[in-house]
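Subject: Structure for your files

Hello,

Here is the structure we talked about. Please open it alongside the notes below.

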Amino acid sequence: MKPHLLTNETLTVFLLMLGAASVLFYLYLYRQESKNAQKLTPGKLWSMRLLRVLAALMVLLALARPALTRVNEDMRPPVVAFLVDESLSMGFPEDPANVLAQELGRDQRGRYNAAQKGIEKLLAPLSLTHDVKVYTFSDTSKLMKTVPQRENEEQPLMPVSEVFANQPKPTGEYSNVGDGISDVMRDLSANKISGMIVCSDFRQTGGTPLKDVTARAKDNGIPVHSIVFGTEFPLRDLRIDEVIVPAEASLGDVLTFTLKVTNQISAGLRVKLTLDEFDTKTDKYAQRGIRTLTLNRGQNTVTIATIPNVEGIRKFKLELPVQPDEVDKDNNVQVVHVEVVKRTIRTLLIAGQPTLEYFYMVPALLRDPVVELSCWLQSADVDYTQQGNKPLKKEKLPETLQEWQEFDVVMLYDADPNHITPQQIGHIEDMVSKGGGLMVIGGRSQGLAKFLQVHATKMRQLLPVDIDNNQYPILDKHWSEPFVIERTPQAKNHPILAASTDEKLNEDLWKTFPKFYWHHPVKSAKPKALVMLERTSGANDDRGSVVMA
């Protein structure tokens with residue numbers, strides 16, 4: 001501590017002049033009162049003089065005030081301040097490539113934990129030369145702990161766990177980085193700040209713009225450093241955003257689930273999507289479907305199908321495997337409920353000739369518990385009993401619009417167009433426009449070219465492919481070289497070609513399909529058509545390669 005003389009020369013001169021004026025005033029006063037003073041005794045006279053001198057001195061002292069001031073100077077070491085972002089985003093996993101995260105356990109690789117690891121590495125050397133203050137901030141800053149300067153390396157260092165004892169995990173709802181730096185500069189305004197180190201993912205939610213605060217710090221000679229956490233990519237996550245499925249499904253029919261899946265793990269990620277069915281009453285496992293997916297980065301739309309075989313409300317659990325370091329491990333699973341009801345699909349099969357394919361199709365459709373089948377064989381005799389488990393009314397093809405609307409699906413297998421009236425084709429078109437299904441199968445007896453000549457406009461609109469109306473089936477020509485029919489890439493997971501809900505089993509079943517020698521000539525598929533089957537050999541001949549669309 002050092003004394004300092006804080007006299008003011010101007011004030012001293014003023015006081016001297018004031019003292020001289022007081023002396024002259026008293027001399028004048030004594031001369032005027034000398035006559036009265038002669039009556040006083042010498043003791044009283046000196047007492048009065050002494051009181052007047054004391055009064056003058058008190059006035060002078062009051063005007064002069066103290067001339068000596070004692071100032072205490074405290075020698076402090078410089079300060080380094082750590083500012084740790086404690087907003088909720090700092091609780092997300094850190095980039096696995098970050099060396100700080102690699103030193104942490106797999107369950108502790110969060111950004112907040114990585115920030116503590118970084119402070120731990122810097123704390124030892126900085127505490128030898130500085131006082132270290134650790135702040136956390138969200139919307140405002142808060143001093144967590146002051147680590148005093150150590151005298152030497154042997155002196156114990158405060159563990160970082162003790163520094164963060166009052167804030168073990170991030171809880172803040174804001175990330176105002178600029179405000180946090182401003183608060184710390186204001187709090188340490190009486191100190192020599194050697195530097196500020198900001199540990200954050202810098203996902204600012206508001207507050208003072210960071211560039212304005214750093215410019216002010218630079219003007220004050222305070223260097224601001226940053227340790228950035230997080231990556232330029234979205235947070236690592238694999239999630240099922242939405243499951244689109246009808247509220248009701250038919251017993252024994254294909255039930256398709258459409259999923260919107262977001263992949264923020266990596267491009268071309270291969271995962272297995274599982275679909276498990278449970279009884280809602282007993283929660284007993286019923287069956288499982290598995291599909292292997294290759295997901296692009298971002299949102300993907302995928303499908304998976306099953307065939308429910310039990311009536312009632314069924315629980316379906318769709319699940320993607322949890323990936324390492326995912327942000328949210330709970331969004332890989334979605335559970336939906338679907339009511340399975342026993343209902344039928346009213347189907348009408350119109351065929352031209354009783355071919356081998358016809359005699360195969362009819363029993364196959366009759367075995368399906370969902371299908372109510374009515375058949376009309378055009379070449380049959382008058383007294384022939386038409387096949388099916390639900391005979392046609394009046395034992396002839398429907399004629400009115402109301403009769404056609406009773407059917408859900410109409411199948412035309414190599415049908416003779418001359419035995420179907422334009423009005424009936426119009427009713428089929430009306431049925432399709434209202435959600436009904438139409439399946440057209442070309443055969444070697446009639447072919448589709450004849451159909452397009454007889455019912456040109458409406459049939460061209462209904463077909464998903466372009467047919468040359470001058471290209472008839474050649475009945476007397478035999479193709480000696482067989483060809484293989486394969487599913488197109490976009491059709492491999494389509495429910496219409498799902499012989500089994502198990503992807504591997506479905507693939508094995510398709511490999512058993514035989515080779516073929518004939519298919520109807522097709523020019524090309526229409527722009528919006530989905531090609532399901534194609535020929536993989538002999539694609540340059542006049543038949544084209546499209547087999548099913």
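**Strand pairing**

Strands β14 and β15 run antiparallel and are joined by eight bridges. Strands here are DSSP runs of E of at least two residues, helices are runs of H or I of at least four residues, and both are numbered from the N terminus. Two strands count as paired if DSSP finds at least two bridges between them.

This is a predicted model, in which local features need pLDDT of at least 70, side-chain atom pairs count only at pLDDT 80 or more, and totals for chains, interfaces and linings use all residues. Residues are numbered from 1 along each chain as its sequence is written, and side-chain values use heavy atoms, with hydrogens and water left out.

Back to the strands. Ile313 stands opposite Glu339 in β15. Strand β14 also pairs with β11 (residues 269-279): six bridges, antiparallel. There, Thr274 faces Glu319 of β14, and Leu275 has Leu318 of β14 as its bridge partner.

Strand β11 has another antiparallel partner, β12 (residues 285-295), joined to it by ten bridges. Leu275 stands opposite Gly289 in β12. The hairpin of β11 and β12 has five residues between the strands, and Asp283 takes a positive phi near 55° in it.

**Burial**

Buried means under 20% relative accessible area, exposed means over 50%, and partly exposed lies in between (1.4 Å probe, protein chains only). Eight of the eleven residues of β11 are buried, so the strand is largely enclosed by the rest of the structure.

Helix α7 (residues 177-187) is largely enclosed too, because nine of its eleven residues are buried. Among them are Val177, Ile181, Val184 and Met185. Asp179 and Asp183 are also on the buried list. The buried residues of α7 pack against strands β3 (79-85), β4 (131-137), β5 (141-147), β6 (193-200) and β7 (224-228), and against helix α8 (210-219). Contact means heavy atoms within 4.5 Å.

**Two single residues**

Pro324 lies in the loop between β14 (312-319) and β15 (333-341). Its relative accessible area is 45%, so Pro324 is partly exposed. Not counting residues up to four places away in sequence, Pro324 touches Arg106 and Arg236. The C-alpha atoms of Pro324 and Leu373 are separated by 52 Å, at 49 residues apart along the chain.

Asn506 sits in helix α14 (residues 503-511). Asn506 is buried, with a relative accessible area of 6%. Leaving aside neighbours within four places in sequence, Asn506 is in contact with Arg487, Lys492, Leu497, Ala498, Ala499 and Ser500.

Best wishes
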